[in-house]
Amino acid sequence: MLFVSYEFLVFLPLALLGCALLGRIGTRARNLFLVAASYVFYGWWDWRFLSLIAASSLLDYAVGIGLGRARAPAARRLLLAASLAGNLGLLGFFKYFDFFLESLRAAAAALGWTLDAAPLRLVLPVGISFYTFQTLSYSIDVYRGRIRPILDPVAFFAFVGYFPQLVAGPIERAASLLPQFLTIRPVAPAMAADGLRLMLWGAFKKIVVADRLAVFVNAVYAAPSDFAGWPVLLATYFFAFQIYGDFSGYTDIARGVARLMGFELMLNFRRPYFAASIAEFWSRWHISLSTWFRDYVYIPLGGNRVPRWRWRLNLMTVFLVSGLWHGANWTFVVWGALHGAAMLLSSATRAWRDRLADALGMAARPRLRRVTQTLLTFHLVGAGWVFFRAPSLRAALQTFYAMAGPTPARLALPELARGASLAVSLAAVAVLLAVEFAAERRPLRPALAALPAAVRWSAYLAIALAVLNLGTREEIPFIYFQF
Amino acid sequence: MRRLAFQLVAFALLLAAAQTALVRIWPNPPPSETVRDTVRSLRATVVLLGDSVNHTPCATDTNRAPISRMLARRLAPRVAGISRGGFDLAVFDAMCRFLARRAETPRTVFIEVNVASLWGDGRSPYTTHKLVALDLWRYDRPLLDAWVRPLQVWRFPLAAPDLRLDAYLDQPVVHGGRTLGPLREFQAGHPRYAVPTEAAIREHVIVRYLQPLAPNNRLLDHAASAARALVRRGHRAVFFVVPVNHEVCEPMFPGEFRAAIAAKVAALRRAVEPQGAEVIDLSTALPADCFAVAAYPNEHLNQRGRDFVAARLADVMPAGPGP
């Protein structure tokens, strides 16, 4: 089920009502209802894949119980290995089997060999990368002794399948989300109002910003050579805002829905395009994933407490794996590699850049330096998005090539990507940036509260009207669903 | 919490008022020509719903009138013809439901069935069935006009977009238990059809007429729905299967071609006759020289062909005025 659909408009009030009513009976009844509601939410897309979520939940629940009882290190390692093999095996089979097979076939063909194995062409279960990582983190944390294993299976199944964040995150940690399933937290009016505000703003980001920009981006990226020059460049800028609006919009709606139920989900985005370096970008973009990789890959590899060469290797490994997490395609690997390389380059040239800034007189103008760094980071990230968006490496290179080419006299752009419609899309991006800029300077909640009610309500009304009227007729799926 | 609930209700009311005001300032697009034609047809007592077969003349025709006008000349009652290229049973269903609901006196509705588009998800991507349905729906409910855009954005089923072009073109073309490839490779404009060959013509026959029609195909559901809506309100629903150039097609697939067409007509009969509708099967009624291109598998008719169809439709009408 999509958040932006009439089905969800029917489903949500029922889910909230059920959650509130059964919450009066107790946590178990509430959690049981949440599992059922979450499975309906997911099964709306394809009920057959519910078995994967149930299997993953069951595996890690059992592993957790086992780890709670086992004392021998070998037994504990075996249990952890079972969780890793189960979850990564599931992910590897559904998401990467064909990719590795085809890569192997291509490599074999390059060596003059023939590999007779047909790809499976499996449907990728929506959200598999998210919920497998979430359950995996639970088992790892129990193994490390950071949390105690949970005994209540219903609470654990609710934790894994919780519908607001099931298919596109945030990838929650058991330590913060699981305890919320063990208590009933009354929903205070301020919390509910916050949730509604988040949902409204998330819907604006998705419907008005991301979906409108997607029309332009899809048209141009489908045939970059037909739109050479500024349209390809503009489409690349647009994609930067499309993916941000799409993903952070989803997260906002998810967090808003959770708050209406008395749950708190983690912050997943903190105005990433205001980052002044790639390292800062990753502390603001998809925070739940970047911290997951930090805690479960980067630090176990030794983090930065290792020789310099090893640290570089660790960093690059994390970015390559993170790239691959996004999709079974070399474009994502290159995208990850670009970010890793940018991080390494940034670290290696720090002293040189400081000297350059001094020479240019920027040391005395920290704000100007920050703006320059922010713009540079944004463009580096934007260049990376070309690989992320393109269907193949060749297409990505063609897109860069097309950017430099002369623009054709006639552009066959869809209606929503022309004239006044395009101006509305640009205005939506401007509103997004203005709000984010304001939030960057001071926290928005108290700033909003300080405004006269008439101004606040007018703003809410304008956003709601935009959400109702400025979307596209075409269904634009959430980008991160495919991961 | 009560205060928040009160605020929410107040906000919803304000939003409804603002939305209504917004549509005054930024009106919805006017109803399409198709919808205006459908509304106009309420004045007629006989309505013909067709596709390009109805209105496309042949280059050599001296009489370029569509079938509906030829029918009008033969019948005393007022006849309205509504046709656009690529229209199919899904669009006709929306129109029939509208006519059934709105027409005050009983009338006869002739519904064209083109077997070339009666297969798979065989709606042409440019039929915009949902748009027609939505336009007709909102015509009946002016108070809801303000909510058309939100319904579209939130993908209310009636407002959801039609089959996407890619999905349409990706449909597999099958023959003899084998998948020959996606439909996009069999489009008339495909480069491999640049030079007309017999092999190309054979492929066109396969694509247009030999594709299997599943009993649960949604076009059949639309046909049944249209028939049910009309008959229930006392109207007469007559489906007519347009002629195909069988003299060209049959020799290429002896027996198989006729059987495939007969199977489609039988499936149509099974769908609509239990609803009380009639079926006129003209699929193999015309020789090749009645078609716009005599040597090619197609359904576009020259004036002789169109006049023949009009005559056969007029035959099923009772003598004298009245539906």
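## Exercises on side-chain contacts

A search of the whole structure finds 29 salt bridges over all chains, a salt bridge being a side-chain nitrogen of Lys or Arg within 4 Å of a carboxyl oxygen of Asp or Glu. This is a predicted model, in which local features need pLDDT of at least 70 and side-chain atom pairs count only at pLDDT 80 or more. Residues are numbered from 1 along each chain as its sequence is written, and side-chain values use heavy atoms, without hydrogens and water.

**Exercise 1.** Describe the salt bridge of A:Asp295 and A:Arg173.

*Solution.* Step 1: the N to O distance between these side chains is 2.8 Å. A:Asp295 belongs to helix 12 (residues 287–298) of chain A, and A:Arg173 to the loop between helix 7 (163–166) and helix 8 (174–177), 122 residues apart. Helices are DSSP runs of H or I with at least four residues, numbered from the N terminus. Step 3: both A:Asp295 and A:Arg173 are buried, where buried means under 20% relative accessible area, exposed over 50% and partly exposed in between (1.4 Å probe, protein chains only).

**Exercise 2.** Find the network that contains A:Asp194.

*Solution.* Step 1: A:Asp194 meets A:Arg445 in a salt bridge of 3.1 Å, N to O. Step 2: A:Asp194 lies in helix 9 (residues 189–222) of chain A and A:Arg445 in helix 19 (residues 444–450) of chain A, 251 residues apart. Step 3: A:Asp194 has 10% relative accessibility, so this residue counts as buried. Step 4: salt bridges that share partners join A:Asp194, A:Arg197, A:Arg259, A:Glu264 and A:Arg445 into one network.

**Exercise 3.** Classify the aromatic pair of A:Phe130 and A:Trp325.

*Solution.* Step 1: the structure holds 58 aromatic pairs over all chains. Rings of Phe, Tyr and Trp (its six-membered ring) pair if their centres lie within 6.5 Å; planes under 30 degrees apart count as stacked, over 60 as edge-to-face and the rest as tilted. Step 2: the centres of A:Phe130 and A:Trp325 are 5.1 Å apart with planes at 85°, so the pair is edge-to-face. Step 3: A:Phe130 is in helix 5 (residues 128–144) of chain A and A:Trp325 in helix 13 (residues 308–326) of chain A, so the pair ties together parts 195 residues apart in sequence. Step 4: A:Phe130 and A:Trp325 are both buried.

**Exercise 4.** Which charged end sits over the ring of A:Trp325?

*Solution.* The charged end is that of A:Lys95, 5.3 Å from the ring centre. The criterion is NZ of Lys or CZ of Arg within 6 Å of the ring centre and within 35 degrees of the ring normal.

Terms used: Chains are lettered from A and ligands numbered from 1 in the order in which they are written. Helices (H or I, at least four residues) and strands (E, at least two) are DSSP runs, numbered from the N terminus.
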